[in-house]
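Please look through the sequence and the model below before reading on.

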Amino acid sequence: MLYREIKFLVGKEVMLELKQKYVLNGILLYLVSTVFVTYLAFEDAITAETWNSLFWIILLFVAVNGISKSFLQENAARHLYYYTIASPQAIVLAKILYNLFLMAILSVLAFGFFLLLMGNQVVNIPLFLVTLLLGSLGLSSVLTMVAAIASRASHNFSLMAILSFPIILPLLATLMKVSRAALSSMDWSGLSGFLILLLTINGAVIALAYLLFPYLWKD
Amino acid sequence: MLKRDWWKLLSGALLLYAIIVGFFVDIPDTMIQETMRNLFYHVGMWFGMMAMLLTGFIFSLRYLQKFDEDEDLVAVEAVNVGLMFGFLGLFTGMIWANFTWGSPWVKDPKLNGAAVGMFIYLAYMILRGSIDDVHKRAKVGAVYNIFAFFLWIVFVMVLPRLAGDSIHPGKDSPPVLPMHLEPSMRIVFYPAMVGWILLGFWIMNIRVRIRKAQKNIEY
C-alpha cells in the first residue's frame with residue numbers, strides 16, 4: 001500500500017517537474033554558472049583541498065535551491081487534496097526519493113563540470129561516486145525535512161538557508177572527510193567508520209522524517 | 001519550602017564550594033598550569049548546556065505526545081537557558097584558549113561543534129518567531145528541535161572522536177567525562193558539575209513560571 005502510494009507520488013513529482021521545465025532549467029543554470037564563477041575566481045589556485053571544498057559548497061547551495069521548492073511549488077488546496085488521499089509517510093518518502101534522483105543527477109553533472117573546468121583531482125573515482133550517492137541521499141533527506149519545516153512558517157525562503165546550513169553540517173563535514181580521502185589516495189582503509197556513520201545518519205534522518213512529518217503535515 | 005526547594009539550596013552550596021575550593025585545591029603541574037582551574041567553570045557550562053538541551057528535546061517529544069502548551073513552554077525555556085550556557089561556555093573557553101593556544105579561536109572539531117550548536121538553536125528561536133499561530137509554532141518548533149538535536153549530537157559526540165584531530169583537552173576519554181582526572185580535582189569537579197546543572201534547572205524553572213504568569217495576565 002505504502003509502496004504503491006510512493007510510486008504514484010514519485011511519478012507525480014516527475015510529471016510536475018517535466019511540466020514546469022523552467023524550474024529544473026533554472027537549477028541547472030544555477031549550477032553551471034556557480035561553477036563557472038568559482039572557476040574564474042579561483043583560476044590558478046585550485047589544489048585538491050580547494051577543489052574538494054568548492055565542490056561540496058556548490059553542491060550544498062544547489063541542493064538548498066533545488067529542494068527548497070519541495071513544499072512551496074504546489075498551493076495549499078493541492079496539499080489538502082493529497083492529505084485526503086495519501087498517507088503523510090508516503091508523501092515524505094516520495095519527496096525524499098524524488099529529491100534523491102534530482103540530487104544524484106545534479107551531483108554527477110557538477111562533477112562533470114568540475115572535471116571540464118578545473119581538471120580532475122579525484123584519485124579514487126569509485127569511492128568518490130559512492131560519496132556522491134550517499135551525499136545525495138543525505139542532502140535530499142535532511143533538506144526535504146527542513147523544507148517541510150520552513151514551509152510551515154512565513155518568510156520561508158530565507159528561513160530555509162538559516163535552518164539548513166547548521167543542521168546539514170554534521171553530514172557535510174563527514175562527506176568532505178570521505179571525499180578528501182578519495183582525492184588523495186586509492187586507499188579505502190580507515191574509511192569504514194565514516195561510511196558507516198554516513199549510512200547511519202541517512203537511515204536515522206529518514207526514520208525521523210517518517211515519524212515526524214505527519215505532525216507537520218496535519219494542520 | 002525546604003522539602004520542595006532543597007535542590008536550589010544544594011545548587012548554591014555546591015557552586016559556592018566549587019568557586020572557593022576551586023581556587024585553592026592542588027592541581028597537577030602541567031603545561032597549562034593554573035588555567036587548569038577553568039575546568040571547574042568552563043566544563044560546567046558544557047554540562048549545563050547538555051542537560052538543558054536534553055531537557056528541551058525530551059519536552060518537545062512530550063509535546064508531540066500530549067499537545068499540551070505547558071510542555072512546549074518548558075522546551076523553549078530549556079533551550080533558552082541552554083543557549084545562555086552555550087555562550088558562556090564559548091566565552092570562558094575563549095579566555096582559556098587565548099592563554100593556552102595563543103588565540104581565542106582555533107580550528108577544532110569541538111569548538112566548531114559548540115558554535116554550530118549555537119547556530120542551530122538560534123535558528124530554532126528564529127523559526128518560532130516566524131510563526132504566529134501558537135499551536136502551529138509549538139508543533140513545528142518541537143519537530144525541528146527533535147530533528148536538530150539528533151543531528152547536533154552526531155556532530156559533537158561522534159564526529160570529533162572518529163576524526164581524532166582535536167587539540168581540545170578530553171578527547172581520549174568518553175564523552176566529556178575526564179576519567180583521568182587527579183583525585184584532588186575530582187572532589188571539586190563532580191560537585192561543581194552537579195551544581196551547574198541544578199542552577200540551569202533553577203533558572204529554567206523561574207523562566208517557565210514567569211511565562212506562565214504572563215500568560216495568565218494576558219487572558
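What percentage of the 219 residues in chain B do buried residues make up? Buried residues come to 40% of the 219 residues in chain B, where a residue is buried if 20 or more other C-beta atoms, placed from the backbone, lie within 10 Å of its own, exposed if 12 or fewer, and partly exposed in between. This is a predicted model, in which local features need pLDDT of at least 70 and side-chain atom pairs count only at pLDDT 80 or more, while totals for chains, interfaces and linings use all residues. Residues are numbered from 1 along each chain as its sequence is written, and chains are lettered from A and ligands numbered from 1 in the order in which they are written.

Chain B has six helices and zero strands, where helices (H or I, at least four residues) and strands (E, at least two) are DSSP runs, numbered from the N terminus. Of the contacts in chain B between residues at least 6 apart in sequence, 76% join residues at least 24 apart; two residues are in contact if their C-beta atoms, placed from the backbone, lie within 7 Å.

Helix α2(B) is largely enclosed by the rest of the structure, because 21 of its 28 residues are buried. At 1.5 Å a residue its 28 residues should span 40 Å, which agrees with the 40 Å between its end C-alpha atoms; the expected span is 1.5 Å times one less than the number of residues. Just after α2(B), B:Phe67 takes a positive phi of about 55°. B:Asp68 lies in the loop between α2 (39-66) and α3 (69-100) of chain B, and B:Asp68 is partly exposed, because 13 other C-beta atoms lie within 10 Å.

Two packed helices are described by the angle between their axes and the distance between the axes. The axes of α3(B) and α4(B) (residues 109-129) come within 10 Å and cross at roughly 145°, the axes being lines fitted to C-alpha atoms over the stretch in contact, with angles from 0 to 180 degrees between N-to-C directions. The table names some of the residues that meet.

| Helix | Residues in the contact, among them |
|---|---|
| α3(B) | B:Val76, B:Val79, B:Gly82 and B:Leu83 |
| α4(B) | B:Ala114, B:Gly117, B:Met118 and B:Tyr121 |

The residues of this contact between α3(B) and α4(B) divide into nine nonpolar, four polar and one charged, where Ala, Val, Leu, Ile, Met, Phe, Trp, Tyr, Cys and Pro count as nonpolar, Asp, Glu, Lys and Arg as charged, and the others, Gly among them, as polar.
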